[in-house]
Amino acid sequence: MGEIARFVPRAEFTCKLNLEAYCKFNKLQLPSSIGPWESDIWDVSVTQKRRKEKYGKRIYFRTWQASKGNSTQSLGEPLAESFKSFAKAYLAEILRERKTSEMGRTLKAVQCLAAATEALRTPACISKVDNEVADYAAQLIVDRIAFTNRWNHGRELQRLIDRIKEAGLTEWKGDWKQPFKYQKPLRNDEVNKLSLIHISEPTR
């Protein structure tokens, strides 16, 4: 398998020019089997089949609120245009590099960051992402994600923000680390042990 091509920013470009180049680069890399770039619903089932994953999968480029309780057959409210092109470029990049079964968390990270930017910056744009926006997005994970799943979603947010900075899409250069602590999942035998609580024998 050949090396996966990755976008490299140009130092002389502004954030806006790097964003345009990033989107164009990843648009050209999108497999035709997934569907047209312009569509807000991508079918990645073929990609999954190639990687021997079990279930079919679609990616919906819509807001977090539109995802909640919405039929998987309808789009609902799409992501804002200022974020949608970036979201597609980022997901296209991730599809080349990782399992499609992880796309749900990846898209939620994009949705949280989009909502945070729209809440704090006018006009909302990926180039406006900074420490304050990242912290706001992390708080949205706290508000919307169960405690046991926050670390996984925080890790996706961390990857997303790191990539935005690496690709030269924001002027922000500061460090940011996702705030959630890793929660080790319990094995079945550990769960069984917790359910078997014995009264200790009296001391002799």
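**Entry 1: around helix α6**

I looked up what covers the buried residues of α6, and the cover includes α5 (103-120) and α7 (150-166). Contact here means heavy atoms within 4.5 Å. Helices (H or I, at least four residues) and strands (E, at least two) are DSSP runs, numbered from the N terminus. The model is predicted, so local features need pLDDT of at least 70 and side-chain atom pairs pLDDT 80 or more, while totals for chains, interfaces and linings use all residues. Residues are numbered from 1 along each chain as its sequence is written, and side-chain values use heavy atoms, without hydrogens and water.

Which residues of α6 are buried? I found Val 133, Ala 134, Ala 137, Ala 138, Leu 140 and Ile 141. They sit on the same side of α6, because their arc around the axis is only 150 degrees. That arc is taken from the directions from the helix axis to the C-beta atoms. Buried means under 20% relative accessible area, exposed over 50%, and partly exposed in between (1.4 Å probe, protein chains only).

Next I checked the length of α6, residues 131-144. Its 14 residues should span 20 Å at 1.5 Å a residue, and the end C-alpha atoms are 20 Å apart, which agrees. The expected span is 1.5 Å times one less than the number of residues.

What caps the N-terminal end of α6? I noted Asp 130: one of its side-chain oxygens lies 3.2 Å from the backbone nitrogen of Glu 132.

**Entry 2: Leu 19**

I moved to Leu 19, in helix α1 (residues 15-29). Is Leu 19 buried or exposed? Its relative accessibility is 16%, so Leu 19 counts as buried. I listed its contacts, leaving out residues up to four places away in sequence: Leu 19 touches Phe 86, Ile 126 and Leu 169. Pro 9 is ten residues from Leu 19 in sequence, and their C-alpha atoms are 8.8 Å apart.

**Entry 3: the whole protein**

I counted eight helices and two strands. Along the sequence they run α-β-α-β-α-α-α-α-α-α. Of the 204 residues, 40% count as buried. Among contacts with a separation of 6 or more, 58% join residues 24 or more positions apart.

**Entry 4: confidence**

I looked up pLDDT, the predictor's confidence in each residue, from 0 to 100. The mean is 83, and 78% of the residues reach 70 or more. Residues 194-204 have pLDDT below 50, and beyond near neighbours in sequence this stretch has one contact in the model. Where pLDDT is low, the predicted coordinates should not be read in detail.

Technical notes
Polar contact = N/O pair within 3.5 Å; in protein donor to acceptor, adjacent residues only side chain to side chain.
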